[in-house]
Amino acid sequence: MKKSCTWEDHKDGRGTWIMYDARGISCGRVCAECEDAVRAKYRPEIFTNSRYSMPEDDLYWGGMAEDQDDY
Ligand SMILES: [Zn+2]
């Protein structure tokens, strides 16, 4: 795990992809540099268990609020 990228690190799109969880819900754009860091923001089970329980708010908004000020 090296760093967390900002959208600017990904803006040319090279070597990046959209990471999806086991339900096919987008977790944002990542690259090899930041994939682990982004993944670490979420509960591991969401990538392996498509039947994971959510409160959505908790998972997708609470978890991302820390270092993203775009919202
Ligand atoms: Zn990145």
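**Close-up views of a predicted protein chain**

**Figure 1. Overall burial and fold of the predicted model.** Of the 71 residues in the protein chain, 7% are buried. The coordinates shown here come from a predicted model. The protein chain contains three helices and two strands, and its elements follow the order β-β-α-α-α from the N terminus on. Among contacts in the protein chain between residues at least 6 apart in sequence, those that join residues at least 24 apart account for 41%.

**Figure 2. The pairing of β1 with β2.** Strands β1 and β2 run antiparallel and are joined by five bridges. Two of the residue pairs may be located in this view. Met 19 has Gly 28, in β2, as its bridge partner, and Tyr 20 stands opposite Ser 26 of β2. Together, β1 and β2 form a hairpin.

Figure 3. Five residues lie between β1 and β2 in the hairpin. Within this turn, Gly 24 adopts a positive phi of about 80 degrees. Arg 23 is found in the loop that links β1 (16–20) with β2 (26–31). Because 12 other C-beta atoms lie within 10 Å of its own, and a residue with 12 or fewer counts as exposed, Arg 23 is classed as exposed. In sequence, Arg 23 and Asn 49 are 26 residues apart, while their C-alpha atoms are 8.1 Å apart in space.

**Figure 4. Ala 37 in helix α1.** Helix α1 comprises residues 35–39 and includes Ala 37.

**Figure 5. Confidence along the predicted chain.** The average pLDDT of the protein chain is 81, and 72% of the residues score at least 70. Confidence is highest in β1, at 96. Confidence is lowest in helix α3, which spans residues 56–62, at a mean of 54. Where pLDDT is low, the predicted coordinates should not be read in detail.

Notes
Residues are numbered from 1 along each chain as its sequence is written. This is a predicted model: local features need pLDDT of at least 70, side-chain atom pairs count only at pLDDT 80 or more; totals for chains, interfaces and linings use all residues. Helices (H or I, at least four residues) and strands (E, at least two) are DSSP runs, numbered from the N terminus. A residue is buried if 20 or more other C-beta atoms lie within 10 Å of its own, exposed if 12 or fewer, and partly exposed in between; C-beta atoms are placed from the backbone. Two residues are in contact if their C-beta atoms, placed from the backbone, lie within 7 Å. Two strands pair if DSSP finds at least two bridges between them. pLDDT is the predictor's confidence in each residue, from 0 to 100.
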